[in-house]
Amino acid sequence: GNLDDAEKYVDKAISKVDRELYLQGKTELVSLKISRFLGTVKEVDQKTVDTLKSYLEDGVNTAHALIKLDKVNYQNYIAQARVYESVIPARVEGAYDNAMKSYASAAALNPGNPSVYLSAAQIEVAMGKLPEAKTFIGRALQVKNNYSDAIFLLSQIQVAEKSIKDAITSLLVLAQLNPQDPTIFFQLGLLYYNEGDNINTGLALSKAVELNPEYSNARYFLGLALARLGKYPEAAAQ
């Protein structure tokens, strides 16, 4: 939990030899420091701006050194992307564009890695660009059609777009791929519940409870669905 001390040790390693692994670790630490710092900011003043600028310069310089060391390692561009990505919540000028360019470079070097497209999709979601996010998810699924993380993100986008039937279809596919994950059945049951489909709500949430008997949220909505069906003793039990 002590990022400053961690960074000191990584800096010592880098001072001995510029290995990609060490520089990648440095960019990851800087990204974490930025995210943690932004989580503590209550008001923006000059000190806040200067601190963020210092962290960003450190991360960008490290990423540039990393890419200079090896220009054909796609992971180095991902490391650079994550530095820029970490300051997107602060609406730093150029952060979004530079992050997307870095992911594009990573994808060009390793087009068979679906996680690169998913990372780009997550940025688009954060920027509110849902159609663009779906395009990147489509690319990820072209590479790996059973990519669970991509399908789950797609379902979240479909919910945001109020395409509930499409979201249910996505989660049904996800449930087939991950039949032991109770959270997927809970999300599926919640969508059915909001659509007023109490029978399918009961089936999905019963499965969630079967997989995790301590899943109190699943039991709660299962109880509500049973009550809608007039099964009051079973509802009260849940």
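The model is predicted, local features need pLDDT of at least 70, side-chain atom pairs count only at pLDDT 80 or more, and totals for chains, interfaces and linings use all residues. Residues are numbered from 1 along each chain as its sequence is written, and side-chain values use heavy atoms, with hydrogens and water left out.

I found threonine 27 in helix H2 (residues 20–40); helices are DSSP runs of H or I with at least four residues, numbered from the N terminus. Leaving aside neighbours within four places in sequence, I listed Gly59, Thr62, Ala63, Ala79 and Val83 as in contact with threonine 27, contact meaning heavy atoms within 4.5 Å.

Next I turned to H8. I noted 13 residues and a reach of 19 Å from first C-alpha to last, close to the 18 Å expected at 1.5 Å a residue; the expected span is 1.5 Å times one less than the number of residues. Buried residues in H8 include Ile151, Leu154 and Gln158. The cover over the buried residues of H8 includes helix H6 (114–126), H7 and helix H9 (164–177).

How do the axes of H7 and H8 cross? I read a crossing at roughly 155°, with the axes coming within 10 Å. H7 and H8 are therefore roughly antiparallel, a label for angles over 145 degrees.

Last, I looked just after H8, where lysine 162 takes a positive phi of about 65°.

Methods. Axes are lines fitted to C-alpha atoms, for helices over the stretch in contact, and angles run from 0 to 180 degrees between N-to-C directions. Helices (H or I, at least four residues) and strands (E, at least two) are DSSP runs, numbered from the N terminus. Angles under 35 degrees count as roughly parallel, over 145 as roughly antiparallel, 65 to 115 as roughly perpendicular and the rest as oblique. Buried means under 20% relative accessible area, exposed over 50%, partly exposed in between (1.4 Å probe, protein chains only).
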